[in-house]
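Have the model open as you read.

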Amino acid sequence: MNQRAYLDHNATSPLRPEVREAVLAAMALEGNPSSVHAEGRAARQVVEEARIKVAGLVGARPEDVIFTSGGTEANGLALAPPPGGDTWHVYFSAIEHPSVLAGGRFADDAKTVVPVSADGVVELDSLARAIEKGSSSGARPFVSLMAANNETGALQPVAGAADIVRETGGILHTDAVQMAGRLPIDMSSLGADMVTVSAHKIGGPKGIGALVLAEGANVRPLMTGGGQEGRRRPGTENVAGIAGFGAAAELAIRELRQMDALARLRDKLEAGVQAIAGDAVVFSKAVPRLPNTSSIAVPGLKAETLVIGLDLAGVAVSAGSACSSGKVETSHVLAAMGAAPETARAAIRLSLGFGNGDHDIQSFLGAFGGLVKRLRKDAREAA
Ligand code: PLP
């Protein structure tokens, strides 16, 4: 049987065998990590060892890692007016993940969306201006800016945003779900007060993530009624998921140096696409991007048709990004970049990761070349 080519690591990156081992070993543990007996202590040890590894992924202290059910929950936990009596206003970019765009627990009139450039990068001048305007009422700024976009891979100026936030007495949260494991992350050089990460984008299990705090930062819990995770996220810990996250984080840190090779593979893929369709558009190509991500549109072709055709040919890619409800919606990211609706509807996302090699690029280009030729011929005949 022919091997499938999986090029959708930004949706989820397949579970690594070492992670599976760690998950299975943790599932065999009998105790509750909050119990004081030997069984409980064994489970606690697994959780705390994983906490150290996840902290290492972002350069934080283990005690500042709050395990959650994933990136979505971590964003929801972060996005709230911090404890205390001050009033706050939230600012986020137009290209954030929907879990940030929803605005968390801020009131609708305390939310401002900051635009991005045609290359999909947030404009710091716009952020500064928005904060100046919003602060006139006395509200302190809470800024949420993703580290790298999930569709285009475009890196965002998080450290620059941190400077603006510091000057205005604010707080900065960054969703680093897509940057983790692809580029090094250091919370203090980013200047972020809170960072979101998720295990399944780095070869860990689905349904486990973390919000990591800078020293001294605080959050308003989403739920109350239990002392776990320093009272910041109550409920018995997902011991197996956490163990898997720890194993995945350890692998991701070790393999960061392989990202240059992945970038070369991505460049080869884009060059191949442009050889097949000279009019293909590669979004955010002019700005620094993640090494693994490529968002491509061939004018006149529909993303759904390409995704289905590629799937039948054994290649897994995604259309735009939003398909959580099973239907493809026009990308809010490409719309915010000012892409014409028909170009946005043509966009497919290719995201590489562990295990991908030349053979996957060849499989993709072979299938893509055939599809483009056939679809263009059909279009000519129908005209
Ligand atoms: N943030 C970004 C940038 C993402 O790409 C995703 C997943 O697609 C999430 C957050 C949500 O993470 P999770 O699937 O763990 O809830």
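Leaving aside neighbours within four places in sequence, which residues is Phe245 in contact with? They are Val54, Leu57, Phe67, Val197, Ser198, Ala199, Ile202, Pro205, Ile208, Gly209 and Ala210, where contact means heavy atoms within 4.5 Å.

A word on the basis: this is a predicted model, in which local features need pLDDT of at least 70 and side-chain atom pairs count only at pLDDT 80 or more, while totals for chains, interfaces and linings use all residues. Residues are numbered from 1 along each chain as its sequence is written, and side-chain values use heavy atoms, leaving out hydrogens and water.

Phe245 is also among the residues that touch the most other members of the largest nonpolar core, together with Leu57, Val58, Phe67 and Val197. Such a core is a set of buried Ala, Val, Leu, Ile, Met, Phe, Trp, Tyr and Cys residues joined through side-chain atoms within 4.5 Å; buried means under 20% relative accessible area and exposed over 50%, with partly exposed in between (1.4 Å probe, protein chains only).

| Core | Residues | Some members |
|---|---|---|
| Largest | 65 residues | Leu57, Val58, Phe67, Val197, Phe245 |
| Another, apart from it | 31 residues | Ala5, Leu262, Leu306, Phe364 |

In H2, Gly40, Ala43, Val47, Ala50, Arg51, Val54, Ala55, Leu57 and Val58 are buried. They cover an arc of only 145 degrees around the axis (taken from the directions from the helix axis to the C-beta atoms), which puts them on the same side of H2. On the other side, Arg41 and Ile52 are exposed. Just after H2, Gly59 takes a positive phi of about 70 degrees.

Notes. Helix = DSSP H or I, 4+ residues; strand = E, 2+ residues; numbered from the N terminus.
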